[in-house]
Amino acid sequence: MSFSSILKGWWAEFIISLVSRVYLNNAEYKKLDNLIIPGKNGTTEIDLVIVSKFGIFVIEVKNRKGLIYGGERDKEWIQEIDGRKFRFQNPLHQNYGHIKSLSKLLELEDDLFFSIVFFGIHAVFRDDMPENVMNEKLMPYILTKSDEVLNYDEIDEIYLKLKPYKSNSEDRRHHRISLSEKYESGHICPKCGGDLLVRTSKVGNRKFIGCSNFPKCKYTRK
C-alpha cells in the first residue's frame, strides 16, 4: 500500500470522526475505528464501528474517486478514472463478512447491526445504489435509525469488549499476511468467510463454486 493511499484513508476516516462529533452525542454514540477482530478464517479489519442504543453501525470506508459502477448483487464493482477501469470487491459483501465476525465475537443477533458503505465526495455513482451506500450525509442517515434496541449498560459492555481490538501497525501487518493467505487459498468465501464448495445447479446440471453458508450467503463463481 502506498503512502498516498494510507494518507487518503486516514484523511477520510478523520473527516468522518470530526463530523460525527458535531452530529452525534458522544454519550449515546460510542465510536471505535481501525478494529482487527478474529474471523472464521484469520482476521478481518473494520474501519469504523459506532455503538448506540439504536444499534451497531458497521462502516466500510472506501477512498475511491471517479465513477463508481456496481449493484447490490454484483461480485465486483468498477472504479473508472480518466478512462481507466479498476475492479474491486463488492463492499457490501465485504461488510457482510465484517458483521458476521462481529456478531459471533459479541454473541449478538445480526439484526442489531447496520451495514454502511461510505465513499468520499469525490466518488460519483453511475448506478442506483442502496440507501446504505453513500458519498455524503452519513451522519444524517445514522440519525434516521430511532428504534431503541440496546440499553446503556449493553452499549458500555459492547464498547469495552471491542476496545482491545483497536489495531496498531504490527496488528495491521499480521492482518495483511493473514488476508493474503486467506484469499490465495481459493477455499474461503470472500463475502462472508465461509467454506467454498463445489455444487451442482438444479437447472442444466452445471457445476459451480458456492458458499457453505447458503442461503444466507449467495456468493457463487464459475
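**Exercise 1.** Which residues is Glu72 in contact with, leaving aside its neighbours within four places in sequence?

*Solution.* The model is predicted: local features need pLDDT of at least 70, side-chain atom pairs count only at pLDDT 80 or more, and totals for chains, interfaces and linings use all residues. Residues are numbered from 1 along each chain as its sequence is written, and side-chain values use heavy atoms, without hydrogens and water.

Step 1. Apply the contact criterion, heavy atoms within 4.5 Å. With neighbours within four places in sequence left aside, Glu72 is in contact with Asn90, Leu92, His93 and Pro130.

Step 2. Glu72 counts as exposed because its relative accessibility is 53% (exposed is over 50% relative accessible area, buried under 20%, partly exposed in between; 1.4 Å probe, protein chains only).

**Exercise 2.** Find which residues of helix H4 (residues 152-162) are buried, and on which side of H4 they lie.

*Solution.* Step 1. The buried residues of H4 are Ile155, Ile158 and Leu162.

Step 1. They cover an arc of only 70° around the axis, so they are on the same side of H4; the arc is that of the directions from the helix axis to the C-beta atoms.

Step 2. Asp153, Glu157 and Leu160, on the other side of H4, are exposed.

Step 3. Packed against the buried residues of H4 are strands E1 (29-39), E2 (42-52) and E3 (55-62), and helix H2 (91-106).

Key: Helices (H or I, at least four residues) and strands (E, at least two) are DSSP runs, numbered from the N terminus.
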